Amino acid sequence: HCRQSPRAMTQTTGNRVRLLAPAASPFNLDDATAYQAWRRRKLEHRPHVDELIVPVEDPYKLSAAEKSQVLQLCRRCNAAIYKVTNDYPSTDKALVHQLGLQFGLSRLDDNLRSDEDDITSLTVKEQQGNQYIPYTNRPLSWHTDGYYNTPAQQVRGFILHCAQPAAEGGENSLLDHELVYMRLRDENPAYIQALMHPEAMTIPPNVEQGTEVRGACAGPVFSIDAVTGSLHMRYSARKHNIHWRDDELTREAADLITEILDIEELAYRYTLKAGEGVICNNILHKRSGFSDSADEKRLMFRARYDDRIAESGLSVQA
């Protein structure tokens, strides 16, 4: 069971997660000057979807220019899309491992149905017990990865690599969580305070065939990474899978998040091709439904990390 007492979590929920932003941070609700400067810079430098794509010659040894381009994108919008040449097979899992290591992504999250190497092969397959949507062809709603993890074990970065696209569909939508924070704070800074409460959002226990495999997990929606000063978001749009804190501001904030996620111009939409992948600081994302064929069966490799992308944090940007 992951629940912790609110008092213990007032300042921190482990070595990395803070619930109060430090002084001079744009995420400090008492520092309007720092926030407005960050907000202006964020909006001015937001890339277009076409700018997200970084061609990569050798994924095992990125050039200085390739690495710099990915890092700049992750500083600007927390995500980049790499495109590996045809010289490397798209089904090579080692490629994902090595790519991650070059960006400081080394601590893989060992989740319930990951493969032996802790990288998950996402494809349509028969499931015993609970039916998890990522292993079906159904749409996935907006979420951040590992939202059901404890506050001290948050997923801060991930790579989603396309080994084989579907015959039809399977479009990914990506949304920088900092834009959601911005909209909420501009509407009412008290919404941010409510969403940083240590029990703002609770995920019910995961029970499989009468056995509890994970206890209920309470934690904030927004928090601050104590190492980099960067904003972290924990969220799922699955209404039946979320218990919001019984508080008027929290309920209003949750409703506003739903409205913000419907603003089309905020999201990047892209259908990954074989050899392409998303590398990001665990931004909001969703997936459309898809159809496989005998020759085109969608296969994605998903690597989740305890780490943020190195040198992409707020402290580096400052």
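Student: Does His285 count as buried or exposed?
Tutor: The model is predicted, so that local features need pLDDT of at least 70 and side-chain atom pairs count only at pLDDT 80 or more, while totals for chains, interfaces and linings use all residues. Residues are numbered from 1 along each chain as its sequence is written, and side-chain values use heavy atoms, with hydrogens and water left out. The classes rest on relative accessible area (under 20% buried, over 50% exposed, partly exposed in between, with a 1.4 Å probe and protein chains only). Because His285 has a relative accessibility of 9%, His285 counts as buried.

Student: With which side chain does the side chain of His285 make a polar contact?
Tutor: A polar contact is a pair of N or O atoms within 3.5 Å; within protein, one must be able to donate a hydrogen and the other to accept it, and residues adjacent in sequence count only if both atoms are side-chain atoms. The side chain of His285 reaches the backbone oxygen of Ile283 at 2.8 Å. The side-chain partner, at 2.8 Å, is Asp145.

Student: Is Asn78, which has a positive phi, buried or exposed?
Tutor: Asn78 has a phi of about 70° although it is not a glycine, and its place is in the loop between helix H2 (64–77) and strand E3 (79–84), where helices (H or I, at least four residues) and strands (E, at least two) are DSSP runs numbered from the N terminus. Because its relative accessible area is 3%, Asn78 is buried.

Student: What is the relative accessibility of Ala24?
Tutor: Ala24 also has a positive phi of about 70° without being a glycine, and it lies in the loop between strand E1 (17–18) and helix H1 (32–44). Ala24 counts as exposed because its relative accessibility is 59%.

Student: Which are the edge strands of the sheet formed by 6 strands?
Tutor: This open sheet has mixed pairing and the order E2-E3-E17-E6-E20-E4, two strands being paired if DSSP finds at least two bridges between them. The edge strands, each pairing on one side only, are strand E2 (53–56) and strand E4 (120–122).

Student: At what angle does helix H3 run to E20?
Tutor: Axes are lines fitted to C-alpha atoms, for helices over the stretch in contact (heavy atoms within 4.5 Å), and angles run from 0 to 180 degrees between N-to-C directions. Helix H3 (residues 93–101) lies across E3, E4, E6 and E20, and its angle to E20 is about 30°.
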